[in-house]
Amino acid sequence: MRRLVLILTLTALLSGGSMMLAGGCGPGGKVDTGSLIRGGGTLLQSQTLTPRQEKVLGQTVAVQLTNRYPLLYDDPLTDYVSKVGLCVASGVGKTENVRFIFGVLDTPQVGAWAGPTGYILITRGALAMMRDESELAGVLAHEMAHAVKRHGVEQFKQAGLMSGLADVGRGLAGGGENAQFINSMAAGADLIVSKPYSRQNESEADAEAVKFLVRSGYSPKGLLTFLKRLQQTQGREDGGGQMFSTHPGLSDRIAAIGSQISRGGYAPGAVNKGRFISNTARIRA
Amino acid sequence: MRSFRRWWVPAALALICAGSWALAETLFVQSDATPVRTAADPASETLAELTKGTQVEVVAREGEWVKVKAGDREGYVYGESLGAAAPPAAGAALGGLGSVLKGSEPSDLSASAAASGLQADTEKVASAKKMDTSAVRWMERNRAAIRSEEIAAFAAAGQVGPYRVNAPTKTKPAPKAKPVDGNKGGAR
């Protein structure tokens, strides 16, 4: 939803502006493979970040977001969002170097982001737009899927930022002291925060999210109903026009998720509307 | 009369001060590690971090921000982080879900907090780019303080998570049907 969404203020919503959870939102997404090639035809994409570098990248994403929007220092609400996310995590299965940490950004804009190694941030505006816990679980599951599938790291590598680390490869284990490392991490985090994922990544995150939800006992239809509401709010079939032109349109995403759920024949799953309403009442006031 | 003139000014000042004190608005910090900033801007420098329950005196309000005085320091706190009433004490029931607020077991809290936190390199990146890390540190502490028993109670109350282990994942028979995931949803 970071891309799931992406952002759209309520004002923008009212004015028919862009939106975010549209899942797919945002320009770009295409990879300049040429940028992956460095010296002697070495494909830097084959290199990868160390677990510690991934952690630093994920934390830097969270730092950038919380410097862009205020964090909502609300223990009960953050606890609630975290617990829903951690219940979804019970359906994720074994992962490496991922530890989910959740936060709520105090902005009416509708959005959610995933940083490498599991930093999940969702906006107050997105929460206010939801109707039950299965919708929250659905959005969190989509973002968690981005983290589990390492889409942010992939984006970092595709942008050629590994080259900024290549020269300090030997020093990375103890690294961080040099400006190149700092600039690469900051640029990578900015990329993950600002640039939409590819169509493929968004579709993969949707498909994985449905699996997470079913495994954890939540109704996978929550993701579907939320996307439909976004579509209605948007009033546009393709998810916001040019801004989301490179991503699967909402209709396509909704159709794909609906088809996946239909094929699965899953049990209804939990919706938990009552406790969602009571736990989020404060932000709706 | 001269004696009266000599004393009426300080006496009046004392009365004014007392009146001001009586009218001063007091708020309570609602969560731990609430940052006090130099300006009404989330990107501004953090002067200090206040613990949950700290009383602050309102100096002024600027939009969604409140200029407060805590002890001998003044700074800005985001309004949502303050409340007219003191926050519930650690261990109080949360939302009727049977879970408890984090922090009721200091040893457990400190142990889990020690296992998390920002990487030194993250601090270096943030410092070089002039970004504040207090919000993410708060997130880290918040997450570290959520105990597994709380999550289990929450999952049980909502019939999700590990408590779905033995629940059927299919509503209709399917010959090749394996649970979609092959994962029985065990606790992680």
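Select chain A: residues 24 or more positions apart account for 74% of its contacts with a separation of 6 or more. A contact means C-beta atoms, placed from the backbone, within 7 Å. This is a predicted model: local features need pLDDT of at least 70, side-chain atom pairs count only at pLDDT 80 or more, and totals for chains, interfaces and linings use all residues. Residues are numbered from 1 along each chain as its sequence is written, with chains lettered from A and ligands numbered from 1 in the order in which they are written.

Stay on chain A. Of its 285 residues, 60% are buried (20 or more other C-beta atoms within 10 Å of the residue's own). Chain A has 12 helices and 5 strands (DSSP runs: H or I, at least four residues; E, at least two).

Next, select residues 199-216 and 250-264 of chain A, helices α9 and α11. Their axes come within 10 Å and cross at roughly 35 degrees (lines fitted to C-alpha atoms over the stretch in contact; angles run from 0 to 180 degrees between N-to-C directions). Show the residues where they meet: among them are A:Ser203, A:Asp206 and A:Val210 in α9(A), and A:Arg253, A:Ile257 and A:Gln260 in α11(A). The residues of this contact divide into 6 nonpolar, 3 polar and 2 charged.

Now color chain B by pLDDT, the predictor's confidence in each residue, from 0 to 100. Chain B averages 66. Helix α4(B), residues 134-145, has the highest mean, 94. Strand β9(B), residues 99-100, has the lowest, 24.

Last, select residues 164-188 of chain B. pLDDT stays under 50 there, yet the model has 47 contacts beyond four places in sequence for this stretch. Where pLDDT is low, predicted coordinates should not be read in detail.

Key:
Two residues are in contact if their C-beta atoms, placed from the backbone, lie within 7 Å. A residue is buried if 20 or more other C-beta atoms lie within 10 Å of its own, exposed if 12 or fewer, and partly exposed in between; C-beta atoms are placed from the backbone. Ala, Val, Leu, Ile, Met, Phe, Trp, Tyr, Cys and Pro count as nonpolar, Asp, Glu, Lys and Arg as charged, and the others, Gly among them, as polar.
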